[in-house]
Amino acid sequence: PDRIRAGEQLVLPAASVSVAATQVRVQAGDSLWKLARAQWGSGQAWSCIAESNPQIEPASSRIYPGQVLTLPASCSRAA
């Protein structure tokens, strides 16, 4: 009972299913800081958004109007 073999299918109870990430379309004037503050109450959590979106250039962290970003369901840096 302690082993899971490759190819086996598991059925998880509903309580263990995590909340899905959401997506947001960037508007003019948005920034990762503003989006993080709106999502989790802390602009310092902006890096959670950056990490969830590989299309964001790490050096600049720039986002553009019309761009669709994935916002994770939670962020440990939002404290």
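A nonpolar core is here a set of buried Ala, Val, Leu, Ile, Met, Phe, Trp, Tyr and Cys residues joined through side-chain atoms within 4.5 Å, where buried means under 20% relative accessible area, exposed over 50%, and partly exposed in between (1.4 Å probe, protein chains only).

Because the model is predicted, local features need pLDDT of at least 70 and side-chain atom pairs count only at pLDDT 80 or more, while totals for chains, interfaces and linings use all residues. Residues are numbered from 1 along each chain as its sequence is written, and side-chain values use heavy atoms, with hydrogens and water left out.

- Apart from neighbours within four places in sequence, Trp40 is in contact with several residues, including Ala45, Cys48, Ile49, Pro72 and Ala78, where contact means heavy atoms within 4.5 Å.

**Gly41**
- Gly41 sits in the loop between helix 1 and helix 2, and it counts as exposed because its relative accessibility is 60%.
- Although Gly41 and Ala78 are 37 residues apart in sequence, their C-alpha atoms are 6.9 Å apart in space.

**Ser61**
- Ser61, in the loop between helix 2 and strand 2, is partly exposed, with a relative accessible area of 22%.
- Ser61 has a positive phi of about 55° although it is not a glycine.
- Most residues other than glycine have a negative phi.

Methods. Helices (H or I, at least four residues) and strands (E, at least two) are DSSP runs, numbered from the N terminus.
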